[in-house]
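Student: Could we go through how the helices pack in this one? I'd like to start with the pairs and then move on to a pocket.
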Amino acid sequence: MRRVDDKHLRELALETIEEAAAAAHMGPVRRSRGIALALAWLRHRGSEKVLPLWPFNGFWEGLGSERQHDRWSAVNAAANAIYLALDVPRRPAVISAFECQLRHTSGGSEAAGPTKGKAGMPDRDLNHSGET
C-alpha cells in the first residue's frame with residue numbers, strides 16, 4: 001500500500017462530507033464510521049489550528065434528522081462552517097457532481113464514498129496517493 005499524504009486524506013475526507021451532504025437531500029443518512037472518521041480527521045488533522053467542535057457535531061446530528069428541510073439546513077450550514085474553519089473554498093462543481101451521482105443511482109440515502117459514475121467523479125481509494 002502506498003503512503004497517503006495529509007493533503008490527499010483531507011481531500012478524501014471533504015469528498016466524504018460532500019457525498020453525505022448530497023445524500024441528505026434524499027432522506028436521513030446513516031451515520032457511518034466512514035463519515036465519523038472523515039469528520040474526526042478533519043477536526044484534528046485537517047488544519048494547523050484548533051477548530052471549533054460545533055460544525056462537526058452539527059453535521060453529524062443533522063444527517064439523521066427526519067424533516068427534510070431541517071436536515072438539509074443543518075447539514076449545509078455545518079458543511080459551510082467546516083470549510084470556513086479549514087480555510088478551504090467549497091467547490092460547487094464537487095457538490096453538483098455528488099448530487100447528480102446520487103440522482104442516477106438506486107436512490108439509497110447511505111453515503112458509501114466517492115466512486116466514478118455518471119457524475120464523472122474520480123475513483124478514489126486509500127491505495128491511491130496521486131503518484132504515477
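Student: At what angle do the axes of H1 and H4 cross, and within what distance do they come?

Tutor: This is a predicted model, in which local features need pLDDT of at least 70, side-chain atom pairs count only at pLDDT 80 or more, and totals for chains, interfaces and linings use all residues. Residues are numbered from 1 along each chain as its sequence is written, and side-chain values use heavy atoms, with hydrogens and water left out. The axes of H1 and helix H4 (residues 68–86) cross at roughly 165° and come within 10 Å; axes are lines fitted to C-alpha atoms, for helices over the stretch in contact, and angles run from 0 to 180 degrees between N-to-C directions. Helices are DSSP runs (H or I, at least four residues), numbered from the N terminus.

Student: And how do H1 and H4 run relative to each other, roughly parallel or roughly antiparallel?

Tutor: H1 and H4 are therefore roughly antiparallel, a term used for angles over 145 degrees.

Student: Which residues make that contact?

Tutor: Arg 10, Leu 14, Ile 17, Glu 18 and Ala 21 come from H1, while H4 brings Trp 72, Val 75, Ala 79, Tyr 83 and Leu 86, where contact means heavy atoms within 4.5 Å. By class, the contact of H1 with H4 has 8 nonpolar, no polar and 2 charged residues; Ala, Val, Leu, Ile, Met, Phe, Trp, Tyr, Cys and Pro count as nonpolar, Asp, Glu, Lys and Arg as charged, and the others, Gly among them, as polar.

Student: What about H3 with H4, how far apart are the axes there?

Tutor: The axes of H3 and H4 lie 8 Å apart, at an angle of about 155°, which makes H3 roughly antiparallel to H4. The contact of H3 with H4 divides into 11 nonpolar, 2 polar and 1 charged residues.

Student: Then H2 and H3, what's the angle?

Tutor: Helix H2 (residues 33–45) packs with helix H3 (residues 54–63) at about 165°, and their axes are 10 Å apart. On the H2 side the contact residues are Ile 35, Ala 36, Leu 39, Leu 42 and Arg 43, and on the H3 side Phe 56, Phe 59, Trp 60 and Leu 63.

Student: Switching topic: which helix gives the largest share of the lining of the second largest pocket?

Tutor: Helix H1 (residues 6–23) does, with 6 residues. The lining includes Lys 7, Glu 11, Tyr 83 and Arg 91, and by class it has 5 nonpolar, no polar and 6 charged residues. A pocket, on a 1 Å grid over the protein atoms alone, is an open set of points where a 1.4 Å probe fits, with protein on both sides within 12 Å along at least five of seven lines, and lining residues have an atom within 4 Å of a point.

Terms used
Helices (H or I, at least four residues) and strands (E, at least two) are DSSP runs, numbered from the N terminus. Angles under 35 degrees count as roughly parallel, over 145 as roughly antiparallel, 65 to 115 as roughly perpendicular and the rest as oblique.
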